[in-house]
Amino acid sequence: MYNKKVMDHFMNPRNVGEIEDADGVGEAGNPHGDHMKIFLKIRDNRIEDVKFKTFGCAAAIASSSMATEMIKGKTLEEAWNLTNEAVAEALEGLPSGKLECSVVSREAIHRAINDYRKKQGLETLPEQT
Amino acid sequence: MAEKRFVYMDHAATTFTKPEVVEAMLPFLKEHFGNPSSLYSIGREGKEAVEAAREQLAKALGANSEEIYFTSGGTESDNWAIKGTAFARRKRGKHIITTPIEHHAVLYPCEYLETQGFDVTYLPVDGYGLVDPAEVEAAIREDTILISVMYANNEIGTIEPISEIGEIAQEHEIPFHTDAVQVIGKIPLDMKKKERNVDMLSLSAHKFYGPKGIGALYLREGIEIDNCMHGGGQERKKRAGTENVAGIVGLGKAIELASAKLEEHDRKMRKMRDRLLAGLLRIPHCRLNGHPEKRLPDNLNLSFEYIEGESLLLMLDEMGVCCSTGSACSSGSLEPSHVLRAIGLPPEITQGTLRLTLGDENTEEDIDYVLEVLPEIVGKLRAISPFYKPENICEK
Amino acid sequence: MAEKRFVYMDHAATTFTKPEVVEAMLPFLKEHFGNPSSLYSIGREGKEAVEAAREQLAKALGANSEEIYFTSGGTESDNWAIKGTAFARRKRGKHIITTPIEHHAVLYPCEYLETQGFDVTYLPVDGYGLVDPAEVEAAIREDTILISVMYANNEIGTIEPISEIGEIAQEHEIPFHTDAVQVIGKIPLDMKKKERNVDMLSLSAHKFYGPKGIGALYLREGIEIDNCMHGGGQERKKRAGTENVAGIVGLGKAIELASAKLEEHDRKMRKMRDRLLAGLLRIPHCRLNGHPEKRLPDNLNLSFEYIEGESLLLMLDEMGVCCSTGSACSSGSLEPSHVLRAIGLPPEITQGTLRLTLGDENTEEDIDYVLEVLPEIVGKLRAISPFYKPENICEK
Ligand SMILES: Cc1ncc(COP(=O)(O)O)c(C=O)c1O
Ligand SMILES: Cc1ncc(COP(=O)(O)O)c(C=O)c1O
Ligand code: FES
Ligand code: FES
């Protein structure tokens, strides 16, 4: 069902954990109860470090892992623009019906960035749905 | 971690086919290929083999062989029993009584009947998934034409009070069907004694080490039922279609083998299961679903809080352990199990549910292995779960 | 008489399973026993095998694999197509058009539907069993919701004008089903071209050297149909029940083998059949039933006056020749064939009817043998028949 790459990110997820003094924290979930929490360490508008915790299926965990890999070191704008399609592509594809599971990561990233912006006194950006 | 080992613990989904069963089938795939309806010799061989299998099954059920009808599996048996009875008796009434924890092969035919003007009562079940016979009696109406309650649940393993329900059905002269797919080869049945009030009973060979795609419906003599498969005159004109001779022979051999070892099998399953359960219950925030005693000897259904079932299943698979998150038919779907919902398990706990079902080839070493890898995997998944609080971590 | 020889000439009843097919099936009876609905690796193997077989069948039919649904055989496919369409479209109308020469797996569902308030027109057929497309058009009503005409008749071998009938159905936007059970592996089909107006098509593996108990229904995308087997989510939620993986794999292999040799098979069958026919027609008072050209390449249906079919069949069996008196399903019954009645064959001639259907392993030596023993047996039976006048005896 899942390809090697997805299984690798699922079995050995990168960036798992929490950041105590995170600059931005975001959480997102879906009606099935899947849930992701993401922690960003930001310096000079760049994501210096990122950690996550996810409750969900293998696709959700692998997407979380891949998404955090993809935004690490990127600017906030780049991170904001990361699509779940790009995450799925980097994972070399998700089974049909499991594409949705990667949406949670994008939403969590958006919320973390907005959390950071709020703390900086900036206006929050509208989340796409 | 321990050295990887292949451990199949999903026997409720399907079993391997025993080598003796495959051996018995082969001649009917090869030289004895005749159509059992044919008059000439090689057709008669097929016919005789089908009748011998019918005898084997009848003997195991304490039934008459004229009460056995072969079908393409548990699903067809259930569909036939439910829809066939409903349509045959629709002039007498339109009310059916069943439970919310039936297999979809019973539930969906009932839902279909609802679209056809029938009225279905889904009995309440308690937290163990048990049906109260008094509730059955209370639900009976003037126009009740069928009661269907499964013998044992495929997810949580709970065994229902079939004799008591059968007696009530009998008193009210309402046909009583039970889906015994999970029970055959595990619990001895006797349609003349213990199950004398069961009028229809479904079974499927691939749950007791027979092949897939073959099953049977026990139909007590005199039961009024419409055909489901109309056509040729096979199965005494009740179930048309060229007989799956090899499959039927396989079913016959499988039931014969299972019946000869019922007690031994039961003892072996219980012993392994109880040790596995005791070991797994040491994991914190872990609970057993289904009735603690009134349950199938080979079934464990456990919920591990803070983790999600598919992840658990796939990590176990990576370690060589095959099991299931609910019924096999609904895995891959995002819907939470209707059985766990019916017993009132909260959705967040339902998600972390695992079904381990033991079988013939499992060994004590398999139990050791699962007791080693499962707690580690639970720990690993909890470590990445946003819901799990570190202070709760108490695995070694 | 000649030395006894085993000659199987009842391939329309069922075929032997090719050794390559049995080989392909075995792993799925043995090591690859997982439930295809399961998420773990050994379940996925079964799933992949099922999908590979679906591709094989789709390719042979020139169909999309999403249009293929596996069933327990031709009977289920026919029942599903007929009853499933009728119930799904009952709000639009209650009229069904079919023929009186369909297999019972179509006729009896139609009769059942008549008891459920549907109205069925049985088209007339000519002396060859041919349906006239103009009659189909004439029978269409405002409330016609289904047309079902078999591709080729299982008793007399006549091939119906399916393209023409399909075109008419298409013009009137009425779903068109055809029972192609006798055609698969004999006549090339292309659901995108030649058969583009066929919406549903039934087939059964054991008629083309696959196993018994497995078949398929081709369902063109967008066709409205009720499920027949309700339950688990298998077959994209259209046909519930744990997949008969070994059977499906066998069907896939069988269709692949058959498709690769369609033309060669056709040539070989025709050559043997034509010689057999020419030889048998030398027997006096013997006639060929069904269309002389528009017929299956392997089918002969002959009536021998003054004798009775069962006796003929059993004497042939004693000589090692297996064949049939009508459709296998109705042998053993005393009823004269509904097909022979429909084409207007007088009852006394119907009685002496024999169906010889050739297949893959038949040889020219088999033809020689039948040409030797059959006339002798006919002579022997006529000699004891009170209806037969000695002056007519002209066998050597
Ligand atoms: C309780 C129960 N009923 C019915 C079925 C359906 O049987 P089958 O898949 O063989 O059609 C199953 C198994 O899937 C089952 O566990
Ligand atoms: C034309 C036709 N339709 C349907 C069937 C039924 O197929 P099965 O017996 O495999 O269910 C047969 C064969 O028996 C047949 O010849
Ligand atoms: S996240 Fe819910 S199924 Fe994948
Ligand atoms: S005499 Fe036996 S069937 Fe007619």
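## Contact and model

Contact here means heavy atoms within 4.5 Å. By that definition, 65 residues of chain B and 65 residues of chain C take part in the contact of these two chains. The model is predicted. Two interfaces are described below, B with C and then A with B.

## Chain B with chain C

The size of an interface is often given as the accessible area lost when the parts come together. For chain B and chain C, that area is about 5200 Å². Carbon and sulfur atoms account for 62% of it. On the chain B side, B:Phe33, B:Tyr40 and B:His230 lose the most area to chain C. Together these three residues make up 15% of what that side buries.

Polar links also join the two chains. There are 24 residue pairs in polar contact between chain B and chain C, both residues at pLDDT 80 or more. Five helices of chain B each give two or more residues to the side that touches chain C: helix 1 (19-29), helix 2 (41-61), helix 3 (74-88), helix 4 (104-115) and helix 10 (309-318). By class, this side of chain B has 28 nonpolar, 25 polar and 12 charged residues.

The count of salt bridges between chain B and chain C is two. One of them pairs C:Arg44 with B:Asp317. Their closest N and O atoms are 3.7 Å apart. The distance counts because a salt bridge needs a side-chain nitrogen of Lys or Arg within 4 Å of a carboxyl oxygen of Asp or Glu.

## Chain A with chain B

Here 21 residues of chain A are in contact with 18 residues of chain B. The two chains bury about 1800 Å² between them. Of this area, 67% lies on carbon and sulfur atoms. In chain A, the residues that lose the most area to chain B are A:Met11, A:Lys53 and A:Phe55. Together they supply 35% of what that side buries.

Chain A and chain B share one salt bridge. The side chains of A:Lys98 and B:Glu310 form it, at 2.6 Å from N to O.

Key
Residues numbered from 1 in each chain as written. Chains lettered and ligands numbered in written order. Predicted model: local features only at pLDDT ≥ 70, side-chain atom pairs only at ≥ 80, totals over all residues. Heavy atoms only, no water. Buried area = accessible area lost by both parts, 1.4 Å probe. Polar contact = N/O pair within 3.5 Å; in protein donor to acceptor, adjacent residues only side chain to side chain. Helix = DSSP H or I, 4+ residues; strand = E, 2+ residues; numbered from the N terminus. Nonpolar A, V, L, I, M, F, W, Y, C, P; charged D, E, K, R; others polar.
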